[in-house]
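I opened this model to look up a few side chains and their partners. My notes follow in the order I took them.

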Amino acid sequence: LNLSGNLFDGSIPLELANLTQLRYLYLGGNQLTGTIPAEIGSLANLRDLSLGGNQLAGEIPPELAELINLRSLQLARNNLTGTLPAWIGDLTNLNYIALDGNQLSGNIPSEFGNLVDLYTLSLSDNQLSGELPQELESLTSMEFLALQRNQLTGEIPEWIGTFSNLWRLYLHENGFTGPIPTALAGLVNLEELRLNQNELTGTIPIELGGLSQLRTLYLSDNHLTGPIPSELGNLSQLYTLNMHGNALTGAI
């Protein structure tokens, strides 16, 4: 059932729960209001749930934890509130999560580390806080990781460097501290790296010069020091290099 990209308003009909064989439900890009009906949790065969780009409010109903066959959860760009539910980590068939552009709060649950087939995790533009949980290191299938514009803190963990399939890494506009990990050199397929507007310190690692696929590198508005590594000159695919608002020294 695909009704996306229209001008439908009002709430999501509770009668959708009667479509027990439904596998794909696309209602995104409308003007739907109200809360996400708990009744959707009874659609045991559902694989894709797409409700993004509406005006839905309230918390994500815990009844959705019954959707054990779900592969894609797309609730982005609504007005959803409450903490990011830990039970999402029990939906182990998920490979796509987009919850960006809401008002979700709390820490990223350690249970998300159970989602070993996940290749997209987009949680940007919320109110998430705390450090990245160690358990996320198991998400080695990740291709797109977007956590920007939250209130995340702590150091960027070394284990992110094992995500060798990653091609987009967006950590900008948070409160990350400490140095840029040299382990990022393991992201051999990375095309975009955005670390700007954090509280990062130390020098720019020369290892970033080995990211041969990199096209965009944003390191601006941190507390980085020292010279620009000449190894960045190896980034022959680079078209944007942004390092303003630091304390870099030496010759250009």
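**Entry 1: Arg 149 and Asp 125**

I started with the salt bridge between Arg 149 and Asp 125, where the closest N and O atoms are 2.6 Å apart. The pair links distant parts of the chain, 24 residues apart. Arg 149 sits in the loop between S12 and S13, and Asp 125 in the loop between S10 and S11. I note that this is a predicted model.

Arg 149 is partly exposed, because its relative accessibility is 33%. Asp 125 has 29%, so Asp 125 is partly exposed too.

**Entry 2: Asn 126**

Next I moved to Asn 126, in the loop between strand S10 (120–122) and strand S11 (127–130). Is Asn 126 buried or exposed? Its relative accessible area is 7%, and the cut-off for buried is under 20%, so Asn 126 is buried.

I checked what the side chain of Asn 126 reaches. Another is the backbone oxygen of Ser 124, at 3.2 Å.

Arg 149 is the residue that forms the salt bridge with Asp 125.

**Entry 3: other salt bridges**

I went back to charged pairs. Side chains of opposite charge can pair when their charged atoms come close. How many salt bridges does the count come to? The count is six.

One of them joins Arg 71 to Asp 48, with the closest N and O atoms 3.7 Å apart. Arg 71 is in the loop between strand S5 (57–58) and strand S6 (72–74), and Asp 48 is in strand S4 (residues 48–50), so the pair ties together parts 23 residues apart in sequence. Arg 71 is partly exposed at 31% relative accessibility, whereas Asp 48 is buried at 13%.

I also looked up Arg 168 and Glu 191. Their side chains meet in a salt bridge at 3.0 Å, N to O. Arg 168 lies in strand S14 and Glu 191 in the loop between strand S15 (175–178) and strand S16 (192–194), so this pair ties together parts 23 residues apart in sequence. Arg 168 counts as buried at 14% relative accessibility. Glu 191 counts as partly exposed at 26%.

I followed this pair further. Arg 168, Glu 191, Glu 192 and Arg 194 are linked in a network of salt bridges.

**Entry 4: aromatic rings**

I turned to the rings and found four aromatic pairs. Phe 144 and Trp 167 have ring centres 6.4 Å apart and planes at 55°, so the pair is tilted. The pair links distant parts of the chain, 23 residues apart. Phe 144 is in strand S12 (residues 144–146), and Trp 167 is in the loop between strand S13 (151–155) and strand S14 (168–170). Trp 167 is partly exposed at 32% relative accessibility.

Trp 159 and Phe 163 make a further pair, with centres 5.9 Å apart and planes at 45°, so I logged the pair as tilted. Trp 159 is buried at 11% relative accessible area. Phe 163 is buried at 1%.

I also noted one aromatic cluster, formed by Phe 144, Trp 167 and Tyr 170.

**Entry 5: Leu 200**

I then picked Leu 200, in strand S17 (residues 199–202). Its relative accessibility is 0%, so Leu 200 counts as buried. Which residues is Leu 200 in contact with, leaving aside neighbours within four places in sequence? I found Ile 156, Phe 176, Thr 177, Gly 178, Ile 180 and Leu 195. Asn 222, His 223 and Leu 224 are also in contact with Leu 200.

I looked at Gly 178 again. The C-alpha atoms of Leu 200 and Gly 178 are separated by 5.2 Å, and the two residues are 22 apart along the chain.

**Entry 6: a surface patch**

Last, I checked the surface. Leu 1, Leu 3, Phe 8 and Leu 19 form a nonpolar patch there, with about 320 Å² of accessible area together. Leu 19 lies in the loop between strand S1 (9–10) and strand S2 (24–26). At 37% relative accessibility, I put Leu 19 down as partly exposed.

Terms used. Residues numbered from 1 in each chain as written. Predicted model: local features only at pLDDT ≥ 70, side-chain atom pairs only at ≥ 80, totals over all residues. Heavy atoms only, no water. Patch = residues over 30% accessible without salt bridge, like charges linked within 9 Å, V, L, I, M, F, W, Y side chains within 5 Å. Areas by Shrake-Rupley, 256 points an atom, 1.4 Å probe, with all protein chains shown as cover. Salt bridge = Lys/Arg side-chain N within 4 Å of Asp/Glu carboxyl O. Helix = DSSP H or I, 4+ residues; strand = E, 2+ residues; numbered from the N terminus. Buried < 20%, exposed > 50% of the residue type's maximum accessible area, 1.4 Å probe, protein only. Polar contact = N/O pair within 3.5 Å; in protein donor to acceptor, adjacent residues only side chain to side chain. Phe/Tyr/Trp six-rings, centres within 6.5 Å; stacked < 30°, edge-to-face > 60°. Contact = heavy atoms within 4.5 Å.
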